[in-house]
Amino acid sequence: MAAGVAAWLPFARAAAIGWMPVANCPMPLAPADKNKRQDELIVLNVSGRRFQTWRTTLERYPDTLLGSTEKEFFFNEDTKEYFFDRDPEVFRCVLNFYRTGKLHYPRYECISAYDDELAFYGILPEIIGDCCYEEYKDRKRENAERLMDDNDSENNQESMPSLSFRQTMWRAFENPHTSTLALVFYYVTGFFIAVSVITNVVETVPCGTVPGSKELPCGERYSVAFFCLDTACVMIFTVEYLLRLFAAPSRYRFIRSVMSIIDVVAIMPYYIGLVMTNNEDVSGAFVTLRVFRVFRIFKFSRHSQGLRILGYTLKSCASELGFLLFSLTMAIIIFATVMFYAEKGSSASKFTSIPASFWYTIVTMTTLGYGDMVPKTIAGKIFGSICSLSGVLVIALPVPVIVSNFSRIYHQNQRADKRRAQKKARLARIRVAKTGSSNAYLHSKRNGLLNEALELTGTPEEEHMGKTTSLIESQHHHLLHCLEKTTNHEFIDEQMFEQNCMESSMQNYPSTRSPSLSSHTGLTTTCCSRRSKKTTHLPNSNLPATRLRSMQELSTIHIQGSEQPSLTTSRSSLNLKADDGLRPNCKTSQITTAIISIPTPPALTPEGESRPPPASPGPNTNIPSIASNVVKVSAL
Amino acid sequence: MNLEGLEMVAVLVVLALFVKVLEQFGLFEPVSLEDSVEDEFELSTVCHRPEGLEQLQEQTKFTRKELQVLYRGFKNECPSGIVNEENFKQIYSQFFPQGDSSTYATFLFNAFDTNHDGSVSFEDFVAGLSVILRGTVDDRLNWAFNLYDLNKDGCITKEEMLDIMKSIYDMMGKYTYPALREEAPREHVENFFQKMDRNKDGVVTIEEFIESCQKDENIMRSMQLFDNVI
């Protein structure tokens, strides 16, 4: 039952009084209106703009947000209104839907914003009224096409890590810009297509006379040379076709495609010619086949996007072209018949039959007017002029449709290319934003550490706090900090990572160092796993050694741990190999762990989250106990 | 004689054009070329409406205002009322730009999706958060155990723990100091089992887990860390 009609239900029920006198059986009881409350006005505050409506209006559609109890989640107790932080313009349309039962789509609205709003309010877009439905569907389809275009070009440009040989070949064929080999192949085939077409043309040019016979075309004078050229071109085309056939993901579909048919038609005449060389009967057909060699020029469409657009336009305007052809055919037949009968009387008339008049009609309708057939009678001249006038009209009508189609497709292509060019810039910007956010965390870490370092050394310099971070930022940083603590690794940025890797790969012979750490200012780190192919393992992964740095960053010195019964094997190997850039700690079991965040060393702050003070004197002096087997366990 | 071939070709061409023309007018099978983007509008707006505020207030330990705030945020990201795994992974990855958080997000998703129907509704979401943020420490430990127990069989094996650990380490990304090694997660798992597995049977049961965690002050303290998140 439509929404607006619901208001008339009381009337319909009252009018049922007309049935009561004639009813035989007693009537059922009327449903009691349990909460008979007065209809109340609801205030909907959408981003500051207040809309008011009756509660019953909203309850007409109980499966939407506004009509169900879901709107209670948005009820603001203080102001006793429902607050939605959404677009008030679109909300107008949504509320009108409740009032009138018809959902309209405003033309100026962006289609995806509108869809988002409808999804938020729980309204299905299918109920858009007929007045606006066409527009909505058109815009939606355009958007989908654009997204598909983007996705396609994305997929084409993604470097997929592992492609089989066949797939790489196919990609090379389809996009010659993917590799140099593909580009070379592309240009070579283009060159040979051009050579082949020019050969076909020059073959027929008269080439000067051999004394004693008439003028010969070049093809017959230098027949061997032309034959060799033709053979070479056909070889190349055959090889190309076979390679494409091999590389195609779906061979059946490839064989049926237009380009492959053109390829086949371009090379078949040669082979057929080879097969039936000197048979006089079929030499006529042989000559015919040579005509098909001209189809090689269509192979250029792989090399030219404009040609492809033209072809696609013609395909998409097929109905207009069909109409053009049909109406022309009708007109030709009509006028040819008329002209034939009109000119029948005149002597020596060229209009010998109706099919013969077709030629005159076509030439006249397309305003060519060769003049080889002209009407001589008055009636013929009159009908001839009507024919030429109508020809102009009939041809001019479908042409603008074709032109506008071509223009639309061409501009779409331009837009796609522009979007692709802009996409690179867009991706770069997104990447910068991403690294910006991670850099923000590192930056704030450094600021925070610097602050604490300054405080602890007692220098009352002004705070380099920089900009105060917002609450959300600081909470995000806290989250990242927790992750660091869990895994016992820190986030650093790319340059420092590279730096570390390079430095640690240059360190060697740490065997001269003693295991005591207090004198060390520069300890090696474990190198990047991908560079150290040697398989020595440090027993405890959560206690790596770090380097003391400048005051800018704090270091945490973790000393290799104590007895780990399950991992003794690796420790012995660690002792043996001293020349691979790893610290030879853990030679004895005297070294204890000094995990900063564990409260046992009293000099260290016990708070889980605050960073430890600069470590140069700190934890080293507080290593009294031996083999304290404390292991940090990651909490959630 | 040698024109016959071409004559035949010409006649064939004219015939083909004629057939095409007739096709256009529906006399043969109409060939529709614009079929490409006739997309079916997937009624993907499977709208899910949560239960009323009152019921949620009873079922969880949040106040009315907190539920309102939670719902607004939830609905902003997922207007259809439910989150599926893809959305969830996408939302979660926004917070960890440096690493790959998709595996851990999957584990989280499975932990929140208590009825295993592939989607997390607002009720599931709020129920999980209620345990994490307002539950007792034992409840929270239980929830964490449930997260780690991937196949929900009541005990954590080394393989499950290794998967979880790897996913956590994945979130760190590549640029860490010190550089992440391949064995880092495994060693971490060994430590974990060292600590938690009392009877050294290779699996950690819920009792062992809770007992060991209750003995560790750090863990107990960190369980209270996120109380003021909402």
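**Confidence**

For the model as a whole, the scores are ipTM 0.78 and pTM 0.56. Chain B has a mean pLDDT of 81, with 89% of its residues at 70 or more. Within chain B, confidence is highest in helix α5 (residues 102–112), where the mean is 90, and lowest in helix α1 (residues 4–24), where the mean is 78. Residues 30–44 of chain B stay under 50 in pLDDT, and for this stretch the model has 15 contacts beyond four places in sequence. Where pLDDT is low, the predicted coordinates should not be read in detail.

**The sheet of chain A**

Chain A holds an open sheet of four strands, arranged in the order β2-β1-β4-β3 with mixed pairing. Its edges are formed by β2 and β3 (75–76) of chain A, each of which pairs on one side only. Strands of a sheet pair through backbone hydrogen bonds, either parallel or antiparallel. In chain A, strand β1 (residues 41–46) and strand β2 (residues 49–54) run antiparallel and are joined by six bridges, and V46(A) has R49(A) in β2(A) as its bridge partner. The hairpin made by β1(A) and β2(A) has two residues between the strands, and S47(A) takes a positive phi near 50 degrees there. Across β1 and β2 of chain A lies helix α3 (residues 88–100) of chain A, which runs at about 5 degrees to β2(A).

**Nonpolar cores**

The largest nonpolar core has 87 residues, and the residues with the most contacts inside it are L44(A), L66(A), F84(A), M161(B) and F209(B). Leaving aside residues up to four places away in sequence, F209(B) touches L141(B), A144(B), F145(B), Y148(B), F192(B), M196(B) and V204(B). Another core, of eight residues, lies apart from the largest one and includes I193(A), V195(A), C233(A) and F237(A).

**Annotated spans of chain B**

An unreviewed UniProt entry lists "domain: EF-hand" for residues 100–135, 136–171 and 184–219 of chain B.

| Span | Helix | Strand | Distance between end C-alpha atoms |
|---|---|---|---|
| Residues 100–135 of chain B | 67% helix | 8% strand | 30 Å |
| Residues 184–219 of chain B | 72% helix | 8% strand | 21 Å |

Methods:
Residues are numbered from 1 along each chain as its sequence is written. Chains are lettered from A and ligands numbered from 1 in the order in which they are written. This is a predicted model: local features need pLDDT of at least 70, side-chain atom pairs count only at pLDDT 80 or more; totals for chains, interfaces and linings use all residues. Side-chain values use heavy atoms; hydrogens and water are left out. UniProt positions are given in the numbering used here, feature names are shortened, and annotations may be inferred rather than shown by experiment. pLDDT is the predictor's confidence in each residue, from 0 to 100. Contact means heavy atoms within 4.5 Å. A nonpolar core is a set of buried Ala, Val, Leu, Ile, Met, Phe, Trp, Tyr and Cys residues joined through side-chain atoms within 4.5 Å. Buried means under 20% relative accessible area, exposed over 50%, partly exposed in between (1.4 Å probe, protein chains only). Two strands pair if DSSP finds at least two bridges between them. Axes are lines fitted to C-alpha atoms, for helices over the stretch in contact, and angles run from 0 to 180 degrees between N-to-C directions.
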